[in-house]
Amino acid sequence: MPMDALCLSAVRREAERLILDGRIDKIHQPSRDEILMQIRSREGACRLLLSANPARPRMQLTERTRENPAEPPMFCMLLRKYLTGGRILEVRQPPMERLAELVIEATNEMGDKVTRRLILEAMGRRTNLLLLDGEGRIVDCLRRVDVDLSQENARPLLPGLFYKYPPIQTGKLDPGSFTETDRAALLVSASPDTPADKFLMDHFLGLSPLIAREVAFEAFGEVDAPVGRDPETLLDKLAALLDRLQGGQVQPTMLLREGKPVDFSFRPILQYGPGTENRAFDRFSALLDEFYQAKENADQVRQKGQDLIKSLNHARDRLARKLALQEKELAETQNREENRIRGDLITANLYRMEKGMKSLKTENYYDPECREVEIPLDPLKTPQQNAAKYYKAYTKAKTAQEMLTIQLEKGAAEKEYLDSVLDSVSRAEGERDLAEIRQELEETGYLRRRGKGKNQMKRPAAKPLEFRSSSGLRISVGRNNLQNDKLTTKQAGKWDYWFHTQKIHGSHVILWTEGEKPDDQSLHEAACLAAWFSQGREGKKVPVDYTPVKFVKKPAGARPGMVIYTTYQTAYVDPDEALVKKLKK
């Protein structure tokens, strides 16, 4: 669910206990829509994430480390200038609003203490992050909004303007403070046939559809019951929910279907029945980290890898057109025997021919029935030259067939290589992985080499993914073709085991045997990792070939990651995310 005002309130309280009175040590902007602050307080060091991504707006403590860009964006530099070293005085949330506000005491250019505010508006597509000065003016914001001031409720968000809170929805009540008079008016005005969840959404602020349905389920045992069945009970259940929330009685809960996260809340959700699992967490930070991790990684790769994907798709399209033309030319060479026969028939009939003839009619002795054929001639050429022309066309077609066959084989190998690089991009986990893939494409000539800026940081090369089998053996998984090459051809010993999905693009996986014969469980777990880190991740019974590294060879001139192997065995395994997490070091 999008983080509604109630859930944000629970998450804010968890963060407040750790960050209040804390000092902001460092500020990073790992992605376009995220700010990560490292805070040091009496409770210890922690990280506070402010996400202004319209699809995932939230404030949370996080335990995940995020990879930072080589050069910090301008908004990050601005926050560092004004907030680094500042002390967090207060964490606010207007009643029933999806808005979190940090009040920070910092120092200005003169060394004087000033109060600044950092505001996260977690409001769907209007999500924004704003820095305000002590007078309430906007210093800058993540997304500048310029609107026509003549419009009703216009709220421009531009540097230098005074900040105003988003307008409150008219006609709706704060469920935490509505009076008995409000309650009586609601009961009188309620249409008995209105669904209970719709009634709650229409009359109260800050409720998400999920929570409105859950309150209706608690009241009536079903989510689509009409409010007229018992409106008093419905309002009592809502009041009880808010009392528990205000009293800190929350349980961070993730909802899963078929083992996959689909939603989360600050309490167990029972409306879906046994088909949906409620998994409890001790902290919202752990819940939100796990819920958003896969989605955020995929989004970051899509954003940062768009140029790579575009270049690879362009190269694949160009290669496809080239292969189509070559296949067409190859098909045309299949008629080359007709040219040879025409040359032979002209040679056999030279005594009958004269220069200037436009055609030759003769019996085709290659035909079992010796039917007559007519052979077109060039009247400007002698009979011998006409025969030579057909022999030359035959030889050219024969040579073309040989060369085109070779070129088509190379083209197919190149297509396989490009597909493998696209697979590596889809599994990249951050900017460092994408940088290595870019380096690979530059070395293979698909991208131009980029000049290094004076201030550009040189990143250390990423290491392969590391796992431990149940019996303690180390398992390494290549992140891209360059790592695959290095693992298989340079680092692995001849008695270590190599794994790769059969005829499916994926990572090279090495099971380090330490000179001993590996146990069956370790072999099975390494095969599962090879299936998971491949295009067969969503399949069942994925074929994985494995063999000692001494049987794996890299042909001369082959593209990165391309090898041949012999004397192998094949295991059919199910990719298992739970097993991957269990084996992760």
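Some ground rules. Residues are numbered from 1 along each chain as its sequence is written, and side-chain values use heavy atoms, with hydrogens and water left out. Because the model is predicted, local features need pLDDT of at least 70 and side-chain atom pairs count only at pLDDT 80 or more, while totals for chains, interfaces and linings use all residues.

Let's start with helix H2, residues 74-83. Helices here are DSSP runs of H or I, at least four residues; strands are runs of E, at least two; both are numbered from the N terminus. Which residues of H2 are buried? They are Phe75, Cys76, Leu78, Leu79, Tyr82 and Leu83. Buried means under 20% relative accessible area, exposed means over 50%, and partly exposed is in between, with a 1.4 Å probe and protein chains only. Seen down the axis of H2, these buried residues fall within an arc of 160 degrees, so they line one face. That arc is taken from the directions from the helix axis to the C-beta atoms. Turned away from that side are the exposed Met74 and Lys81. The cover over the buried residues includes strands S1 (23-31), S2 (34-41), S6 (99-107), S7 (113-121), S8 (128-132) and S9 (138-141). Just after H2 comes Gly85, with a positive phi of about 85 degrees.

Next, the sheet. It is open, has three strands, and runs S11-S10-S12 with antiparallel pairing. Two strands pair if DSSP finds at least two bridges between them. S11 and S12 (277-280) are the edge strands, each pairing on one side only. On average, neighbouring strands are turned by 35 degrees against each other, direction ignored. The axes behind that angle are lines fitted to C-alpha atoms, and angles run from 0 to 180 degrees between N-to-C directions.

Take the pairs in turn. S10 (253-257) and S11 (260-265) are joined by five bridges. Leu255 has Asp263 in S11 as its bridge partner. The two strands form a hairpin with two residues between them, and Glu258 in the turn has a positive phi of about 55 degrees. S10 and S12 share four bridges. There, Thr253 partners Ala280 of S12.

Last, Asp419 in helix H10 (383-427). Buried or exposed? Asp419 counts as buried, because its relative accessibility is 10%. Its side chain makes a polar contact of 2.6 Å with the side chain of Arg316. A polar contact is a pair of N or O atoms within 3.5 Å; within protein, one must be able to donate a hydrogen and the other to accept it, and residues adjacent in sequence count only if both atoms are side-chain atoms. Asp419 touches Arg316, His505 and Gln535, not counting residues up to four places away in sequence. Contact means heavy atoms within 4.5 Å.
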